[in-house]
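The sequence and structure come first, then the points by topic.

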Amino acid sequence: MQRKAMFPGSFDPFTRGHKAVIDEALKLFDKVVIAIGHNTQKRGLLTVERRKALIEQAYKGEERVEVIAYSSLTGDEARRIGATVIIRSARNAQDFEYERTIALANRHIFPDIQTVVMIAPSEMEHISSSLVRELHTFKHSVDDLLPEGIHLEDYL
């Protein structure tokens, strides 16, 4: 049986930190589905389609990674795609407490789906999508915060 995990998030934009977590998850799971949550009430830096293209470029040639967009409850989407695990990530204690709360709520609603919280590498704990957006707004280069070979300007 294939062990499939879902890594949900907004990924606006997808960062080196996200990639590091997925790269570690690929050591544990046969397939990782990167699921871009689509919130019609929010306007992000990148469209969902461009986020998807950026992530697909970062994982070009890696057949064990799939990228989708969804607008339902995360647990419902995990069930729909056949994932038995939801991957979450934490950069620090504050992130961990937030993710713990979400994991407990998901366990209550979706007891058949496990949540795995993966700790981001310490050298990337300062990287967040909001930092990338902020630096970009003020015209600072963000290429070193994105996966190698990815340039934000190509997706704007």
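**Pockets, strands and a buried leucine**

The lining of the largest pocket consists of 13 nonpolar, 13 polar and five charged residues. The model is predicted. In it, this pocket holds about 870 Å³ of space, and 31 residues line it, with Gly-9, Ser-10, Arg-88, Tyr-98 and Glu-99 closest to its centre.

**Largest pocket: where the lining comes from**

- At least two lining residues each come from strand S1, helix H1 (16-25), strand S4, helix H4 and helix H5 (129-137).
- H4 gives the largest share of this lining, with five residues.

**Second largest pocket**

- The volume of the second largest pocket is about 420 Å³.
- Its lining has 16 residues, and those nearest the centre are Gly-37, Asn-39, Lys-42, Gly-44 and Arg-51.
- Helix H2 (residues 48-58) supplies three residues, the largest share of the lining of this second pocket.
- By class, the lining of the second largest pocket has three nonpolar, seven polar and six charged residues.

- How many of the six residues of strand S4 (residues 85-90) are buried? Five are, so S4 is largely enclosed by the rest of the structure. Buried here means under 20% relative accessible area.
- S4 pairs with strand S1 (residues 4-9) in the parallel sense, over two bridges. Within this strand S4, Ile-86 is the bridge partner of Met-6.
- S4 also pairs with strand S5 (residues 114-119), again in the parallel sense, over six bridges. Ile-119 in S5 is the bridge partner of Ala-90.
- Together with helix H4 (residues 93-109), S4 and S5 form a right-handed β-α-β unit. Both S4 and H4 also contribute to the lining of the largest pocket.

**Leu-145**

- Leu-145 sits in the segment that follows H5.
- Is Leu-145 buried or exposed? Leu-145 has a relative accessible area of 6%, which is below the 20% cut-off, so Leu-145 counts as buried.
- Leaving out residues up to four places away in sequence, Leu-145 touches Thr-15, Arg-16, His-126, Ile-127, Leu-131, Val-132 and Leu-135.
- One of these contacts, Leu-131, is 14 residues from Leu-145 in sequence, and the C-alpha to C-alpha distance between Leu-145 and Leu-131 is 9.2 Å.

Conventions: Residues numbered from 1 in each chain as written. Predicted model: local features only at pLDDT ≥ 70, side-chain atom pairs only at ≥ 80, totals over all residues. Heavy atoms only, no water. Buried < 20%, exposed > 50% of the residue type's maximum accessible area, 1.4 Å probe, protein only. Helix = DSSP H or I, 4+ residues; strand = E, 2+ residues; numbered from the N terminus. Pairing = 2+ DSSP bridges. Right-handed = clockwise from strand over helix to strand, strands pointing away. 1 Å grid on protein atoms, 1.4 Å probe; cavity = no way out; pocket = protein on both sides within 12 Å on 5 of 7 lines; lining within 4 Å. Points joined across faces, edges and corners; volume = space filled by probe spheres on them. Nonpolar A, V, L, I, M, F, W, Y, C, P; charged D, E, K, R; others polar. Contact = heavy atoms within 4.5 Å.
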